[in-house]
Amino acid sequence: MSRFLVPERENLVPYVPGEQPKERKYVKLNTNESPFPPSPTAIAEGEKELSLLQLYPDPECSRLREAVANRYGVREEQVIMTNGSDEVLQFAFAAYCNQSTPAVFPDITYGFYKVFADLYSLPKTVIPLKEDFTMDLPALTKAKGTLFIANPNAPTGIPLTKKEIEGLLKANLSRMVVVDEAYVDFGAESVVDLIDTYDNLLVTQTFSKSRSMAGARLGMGFASAGIIADLNRIRNSVNPYNVNRVTAAAGVGSLFDEGYFQNNCKQIIAVREQTAQALKQLGFTLTPSTANFLFAKHERVGGEEIYRKLKEKGVLVRHFTGERIKEYNRITVGSAEDMQAFLTALKEIV
Ligand SMILES: *Cc1c(COP(=O)(O)O)cnc(C)c1O
């Protein structure tokens, strides 16, 4: 820390991304990346832009927003494209929270919500999950402020139903509800089609997981035209060129290749269910995940020990140290071969 950092930032605890080790080759099941490459159409569309990199990208992302609007059955003015969905989430914290409108989120959820709230020095209302890691809906219903809900939740993978989210929206129409659907394509119900009915709803999605484009940094928000205008006000005050032209074109290519996307999601879901069965047979308890990861705790062996011994054997999973979840590990669903290697290593440990 230099002596110039302002005191307001001294205690900021940044988000800690999953390890990306370079010293050896791991079976990498720790950052919820896709085991599949991007769609060939996405690669081809992206490549065409490389020779145009002397030019700024389209700040409106017109072609991409048109493709998104067609794919998701919404209007272009109901879509914003961002540098990963972390960016649209950041814009939402800037736009919809202040000293009298706290950020409301569960105690166990995506770590970035707390970081964004702290970055903007916002008050936080943290609602503990119930004992079984499901959402405390009555408490969330009552809470005042802007709600941030990951659906399915991370790192538990447990989804809310569309009805339950609609309940949260209806309960208080003057409260913003942000639904982070980073993992929705792996089996949960999306609420994108509720944006016409509820003007207090913002839905965020990402190309990082189900569309195999984590390295491209592409996310999106769906909401009423008014909310999208608010978010663009923030975006244009920070970085109007937030999505680069290679990424934007690759995004269009990905949306054109619906079959590839559907097939990959189907494969991840099938491998997730097989892996979950195998883990149960090895003595693990799992949350009912509808994401591209599993969240598992062993009946005898501790969470940290499993994480450490898997790493020694060349398999990386994500371990969190939070009091309520320290006996668990989050395991990304990789290819069938990755999961075989993982289960083989795990059998030797437990
Ligand atoms: C991965 C993830 C995101 C966003 O990731 P980006 O790569 O920035 O799109 C958002 N929310 C949750 C819960 C995630 O796991």
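Predicted model: local features only at pLDDT ≥ 70, side-chain atom pairs only at ≥ 80, totals over all residues.
The buried residues of H9, where buried means under 20% relative accessible area with a 1.4 Å probe and protein chains only, are Arg245, Thr247, Ala248, Ala249, Ala250, Gly251, Val252, Gly253, Ser254 and Leu255. Residues are numbered from 1 along each chain as its sequence is written, and side-chain values use heavy atoms, with hydrogens and water left out.

Helices and strands here are DSSP runs, H or I of at least four residues and E of at least two, numbered from the N terminus. Because 10 of its 12 residues are buried, H9 is largely enclosed by the rest of the structure, and its buried residues pack, with contact meaning heavy atoms within 4.5 Å, against helix H2 (40-49), helix H3 (62-72) and helix H10 (258-281).

Turning to the sheet, it is open, has 5 strands in the order E1-E11-E12-E10-E9, and shows mixed pairing, where two strands pair if DSSP finds at least two bridges between them. Strand E1 (27-29) and strand E9 (284-286) stand at the edges with a single partner strand each, so one side of each is left without a neighbour in the sheet. E1 pairs with strand E11 (residues 315-319) in the parallel sense over 3 bridges, and in E11 the bridge partner of Leu29 is Val317.

Technical notes. Buried < 20%, exposed > 50% of the residue type's maximum accessible area, 1.4 Å probe, protein only.
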